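Opening the notebook on this one. I want to look up a residue, a helix and a sheet.

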Amino acid sequence: MVTNFSFPDNREQCFQQLYKFAEKPDWRKGMSVWKNVFSFPEEPIQEVKALNNDYCKPRPDIDLKRMKLTSQIIDNIPEGILPQHLKKKRQPEEEQTNAEINSAVTDTTVESEEDSSEKQRVQASGPKFRISCNRTGTNHNFGSSEAARQFGGAVNEMFGWPVDLSCFELEILLYIDTEFVYVGVCLTREPLFKRNLTNFGRTNLRSTICYNMVRLAAPQPGEVIVDPLCGGATIPMEGSLTYSKVLHLGGDNFGQAVKRSRDNIDYLVKKGKSMPIDVAQWDAARLPLRNQCVDIIVSDLPFGKRIGSKGDNRVLYYNSLLEMARITRTGTGRAVLLTHDRNSMMRNIKRVHTLWKSATSRTINIGGLSAVIYILHRTALLFDPNLKIASKTHKKPSEPGEF
Amino acid sequence: MKLITHNMLTSKGIKNVKEGFPLKIQADEVKNVDIDFDREFISRMIPKLDWNALTFAAQCVGHQEDLPDTLPEGYENDDDLLKKLHHILLEVEVINGCLECPETQRKFPISNGIPNMLLNEDEV
């Protein structure tokens with residue numbers, strides 16, 4: 001990973017930067033891991049050639065749209081009818097060594113290998129590869145496909161691997177952000193974020209995010225983790241698959257959600273996974289748990305967009321924070337809460353500041369929404385008599401809370 | 001619902017209930033699952049459990065004879081006891097039945113392994 005990879009304004013210089021960049025990553029290490037994961041028979045890196053060209057010059061007369069026309073159609077059209085400019089095209093096509101012309105042009109993941117005229121014919125051996133490039137940020141003056149092309153050209157030059165965009169064995173990912181660039185080797189064929197879920201609900205947190213949220217709470221053996229608003233129980237499930245020395249509990253007030261949780265858990269238990277997890281149906285504002293019996297709370301609070309509403313959130317966050325404080329052990333207890341609705345959250349954290357002390361908060365991108373994970377620590381105060389559960393209906397003036 | 005969860009459930013949300021603990025289990029259908037035995041987990045959980053509630057629950061479910069009435073000293077080294085506890089706490093699951101509040105006798109149904117602890121408007 002390279003930080004502070006600032007792109008110069010000139011487009012050609014960007015290309016050069018990306019081309020040269022292909023030399024920088026530690027390929028041997030990456031390839032040895034990849035080789036182990038995929039049991040590739042031979043050593044992928046045979047010989048490494050130095051990059052001597054400036055960058056992969058994109059051929060001025062090839063543009064991707066035209067390429068769509070040239071591949072199959074041209075071969076079938078009889079010579080006489082073929083227009084002049086396309087006739088000439090056919091010659092260079094055959095000379096090209098490894099170019100795969102992908103007729104489906106997409107924004108982010110096209111890589112086409114180019115042969116600039118001074119390049120030698122590279123002996124193609126080793127794993128078939130492709131480059132996928134993902135970009136975030138708006139101030140780049142090149143496209144993802146061009147970036148992938150530069151990088152791929154360099155890799156092909158260095159190692160001599162053949163390019164194959166569809167039947168590839170090795171996928172290299174190039175992530176370009178506004179500030180930094182990193183290169184990764186793809187180790188799994190399917191994305192990891194949908195693992196373990198069978199019954200999907202209206203809003204499911206990615207399994208990878210669930211795992212990391214539980215990790216943020218740093219569970220110790222013998223602790224109890226509760227998700228009072230678990231939905232499909234994705235967070236307790238991810239937690240119990242990794243942290244088996246901890247008890248994971250989840251609960252939701254919605255019957256369908258609880259049924260979904262049961263399905264998800266049963267499916268994994270049938271596959272033979274050992275999971276110390278349990279699910280109940282309860283109201284997060286009135287948790288049926290004893291005082292001080294839980295150590296950690298990890299939860300994905302309703303954002304107020306698909307589930308609930310901003311108005312509901314103001315009351316819900318307050319009530320659930322109070323209930324969470326009641327059931328969590330003082331001093332050592334902690335909470336990791338994810339939400340998009342910053343206003344409701346910040347306001348309510350201030351209200352309950354005698355019970356929960358705010359530690360760090362991290363911004364995270366959930367499907368385009370800029371959400372925040374709040375990490376809270378339980379203070380030593382057992383309960384605050386000034387803070388009472390707010391009732392939703394305003395018929396009675398003040399309902400005394402239970403502690 | 002596992003018995004370790006039952007050890008933490010209370011019906012204190014209901015109006016006029018002082019303790020609401022422990023809930024009485026009426027188990028119509030019970031199932032055994034396989035969970036990997038972990039000594040450290042069980043030994044660390046024991047001080048957090050309410051032992052009387054646990055023996056009470058074990059009695060309701062039919063595993064009464066396995067547990068002693070009081071927690072013996074030096075339980076960390078008693079592998080036999082730890083294994084029995086592991087079985088009762090994690091591996092015995094109540095699939096159908098209900099939980100009963102000791103003070104109001106209000107029944108919370110358990111269906112498909114999930115206890116429904118939601119309260120009605122008038123009970124709050």
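My entries follow, starting with the ground rules.

I'm working on a predicted model, where local features need pLDDT of at least 70, side-chain atom pairs count only at pLDDT 80 or more, and totals for chains, interfaces and linings use all residues. Residues are numbered from 1 along each chain as its sequence is written, chains are lettered from A and ligands numbered from 1 in the order in which they are written, and side-chain values use heavy atoms, leaving out hydrogens and water.

**A:Gln281.** I found A:Gln281 in strand β6 (residues 277-281) of chain A; strands are DSSP E runs of at least two residues and helices H or I runs of at least four, numbered from the N terminus. A:Gln281 is buried at 13% relative accessible area (buried is under 20%, exposed over 50%, partly exposed in between, with a 1.4 Å probe and protein chains only). Its side chain makes a polar contact of 3.4 Å with that of B:Asn116 (N or O atoms within 3.5 Å, one able to donate a hydrogen and the other to accept it; residues adjacent in sequence count only if both atoms are side-chain atoms).

**α10(A).** I checked helix α10 (residues 310-327) of chain A: 13 of its 18 residues are buried.

**Sheet in chain B.** I read an open sheet of four strands, β1-β2-β3-β4, with antiparallel pairing (a pair needs at least two DSSP bridges). β1 (24-32) and β4 (114-115) of chain B are at the edges, each with a single partner strand, so one side of each has no neighbour in the sheet. Eight bridges join β1(B) to β2(B), and B:Ile25 has B:Leu99 as its bridge partner in β2(B).
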